[in-house]
Amino acid sequence: MSAQKQIRRITAPQIAKRKGVEPIVSLTSYHAHTAAIVDKYADFILVGDSLGMVMHGMESTVGVSLDLMIMHGKAVVRGTQRALVVVDMPFGTYEESPAEAFRNAARVMKETQCGAVKLEGGRRMAETIRFLTERGIPVMAHIGLTPQSVNVMGGFKTQGREEETWSIHEEDAKVVAEAGAFALVLEGMVEPLAAKITKQIPIPTIGIGASAECDGQILVLEDMLGLNPTPPKFVKVYGNLGGQIEAAVKSYADEVKDRSFPTEEQVYR
Ligand code: KIV
């Protein structure tokens with residue numbers, strides 16, 4: 001029995017069992033304070049490699065490193081106690097072979113103490129998904145618009161606009177589920193295709209820009225909070241954090257400039 005205080009987090013198998021029972025709530029988070037808030041409402045928190053763009057101003061997720069994911073993963077695990085924390089495997093750390101994927105995913109799990117990893121790709125990643133899950137690493141798969149392949153896809157394009165392409169995505173979904181993925185992110189996919197896949201596979205689908213027909217939803221936290229001045233078109237913006245931060249920074253700057261910045265006594269009165 002561990003001497004550590006027992007923390008009961010939601011597990012990957014519990015997420016898998018939610019299919020057809022209750023919609024799954026999830027958001028991204030990359031840092032301890034926001035994660036602590038999200039933790040109260042989300043079933044799982046994704047430390048997405050979107051952090052490369054959101055936190056570090058990169059052009060795409062391609063430049064994100066394993067060390068960066070581990071650093072943010074640790075922060076999110078420290079800030080939370082309830083939600084399952086899933087950490088993205090960044091580009092170039094899992095595609096070469098199942099053994100390479102295991103080595104890097106095990107490092108992510110050990111160093112961050114997260115409960116699962118996510119990787120992008122359908123059929124091409126099935127062998128790796130099986131290899132990881134059989135060796136104790138729960139895997140969330142991700143198909144449709146896969147941002148790490150932006151340079152091959154030629155941009156961030158909604159998938160499935162032509163019905164002739166649907167069978168490719170349906171096959172990807174079926175194969176990753178058979179390989180042992182506990183959930184599947186469907187990103188940037190037309191609604192009828194997302195609905196069809198959701199009906200066809202036994203694991204929950206988590207939509208992002210893939211309609212309300214999925215078993216759960218995920219959004220990038222900063223997009224839905226109104227911190228991103230140009231969020232993707234499908235995002236409903238629930239807050240105005242950008243505006244609030246600007247107003248607060250402006251008030252502070254004005255007070256410093258006109259010498260009305262409060263003394264400690266005034267602040268703590
Ligand atoms: O990196 C990320 O934030 C993601 C979500 C968009 C699903 O993969």
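This is a predicted model: local features need pLDDT of at least 70, side-chain atom pairs count only at pLDDT 80 or more; totals for chains, interfaces and linings use all residues.
Q: Is the crossing of helix 4 and helix 5 left-handed or right-handed?
A: The angle between these helices is about 30 degrees. The sense of the crossing of helix 4 and helix 5 is right-handed.

Q: At roughly what angle do the axes of helix 5 and helix 6 cross?
A: Helix 5 passes helix 6 in a right-handed crossing. The axes of the two helices come within 9 Å, and they cross at roughly 45 degrees. That angle makes helix 5, relative to helix 6, oblique. The value asked for is roughly 45 degrees.

Q: Which residue forms a salt bridge with Lys118?
A: Lys118 lies in strand 4 (residues 116–120), and its partner lies in strand 3 (residues 84–88), 30 residues apart. The closest N and O atoms of the pair are 2.8 Å apart, and both residues are buried. The partner of Lys118 is Asp88.

Q: How many residues apart are Asp172 and Arg123?
A: The side chains of Asp172 and Arg123 meet in a salt bridge, at 3.0 Å from N to O. This pair links distant parts of the chain, with Asp172 in helix 8 (residues 166–179) and Arg123 in the loop between strand 4 and helix 6 (126–134). Their separation is 49 residues.

Q: Is Asp172 buried or exposed?
A: Buried means under 20% relative accessible area. Asp172 has a relative accessible area of 12%, whereas Arg123, its salt-bridge partner, is partly exposed at 42%. Asp172 is therefore classed as buried.

Q: How many salt bridges does the count come to?
A: Side chains of opposite charge can pair when their charged atoms come close. Among the pairs in this model are Lys118 with Asp88 and Asp172 with Arg123. The count comes to 11 salt bridges.

Q: What is the area of the nonpolar surface patch that includes Val54?
A: Val54 is found in helix 3 (residues 51–54). A patch residue has over 30% relative accessible area, and Val54 is partly exposed at 33%. Met53, Val54, Met55 and Phe156 make a nonpolar surface patch of about 330 Å².

Q: What is the phi of Arg259?
A: Most residues other than glycine have a negative phi. Arg259 is not a glycine, yet its phi is positive. This residue is found in the loop between helix 11 (241–257) and helix 12 (264–268), and Arg259 is exposed with a relative accessible area of 77%. The phi of Arg259 is about 60 degrees.

Q: Where is Ser211 found?
A: Ser211 has a positive phi of about 80 degrees although it is not a glycine. Strand 7 covers 205–208 and strand 8 covers 216–219. Ser211 is found in the loop between strand 7 and strand 8.

Q: How far apart in space are Gly209 and Val235, C-alpha to C-alpha?
A: Gly209 has its place in the loop between strand 7 and strand 8, and it is partly exposed with a relative accessible area of 24%. Gly209 and Val235 are 26 residues apart in sequence. In space, their C-alpha to C-alpha distance is 7.4 Å.

Q: What is the C-alpha to C-alpha distance in space between Thr198 and Glu170?
A: Thr198 is in helix 9 (residues 191–200) and counts as buried at 8% relative accessibility. Thr198 and Glu170 are 28 residues apart in sequence. Their C-alpha to C-alpha distance in space is 9.6 Å.

Conventions:
Residues are numbered from 1 along each chain as its sequence is written. Side-chain values use heavy atoms; hydrogens and water are left out. Patches are made of residues with over 30% relative accessible area and no salt bridge: like charges are joined within 9 Å, nonpolar side chains (Val, Leu, Ile, Met, Phe, Trp, Tyr) within 5 Å. Accessible areas come from the Shrake-Rupley method with a 1.4 Å probe; for residues, only the protein chains shown count as cover. A salt bridge is a side-chain nitrogen of Lys or Arg within 4 Å of a carboxyl oxygen of Asp or Glu. Helices (H or I, at least four residues) and strands (E, at least two) are DSSP runs, numbered from the N terminus. Buried means under 20% relative accessible area, exposed over 50%, partly exposed in between (1.4 Å probe, protein chains only). Axes are lines fitted to C-alpha atoms, for helices over the stretch in contact, and angles run from 0 to 180 degrees between N-to-C directions. A crossing is left-handed if the near helix is turned anticlockwise from the far one by less than a right angle, and right-handed if clockwise. Angles under 35 degrees count as roughly parallel, over 145 as roughly antiparallel, 65 to 115 as roughly perpendicular and the rest as oblique.
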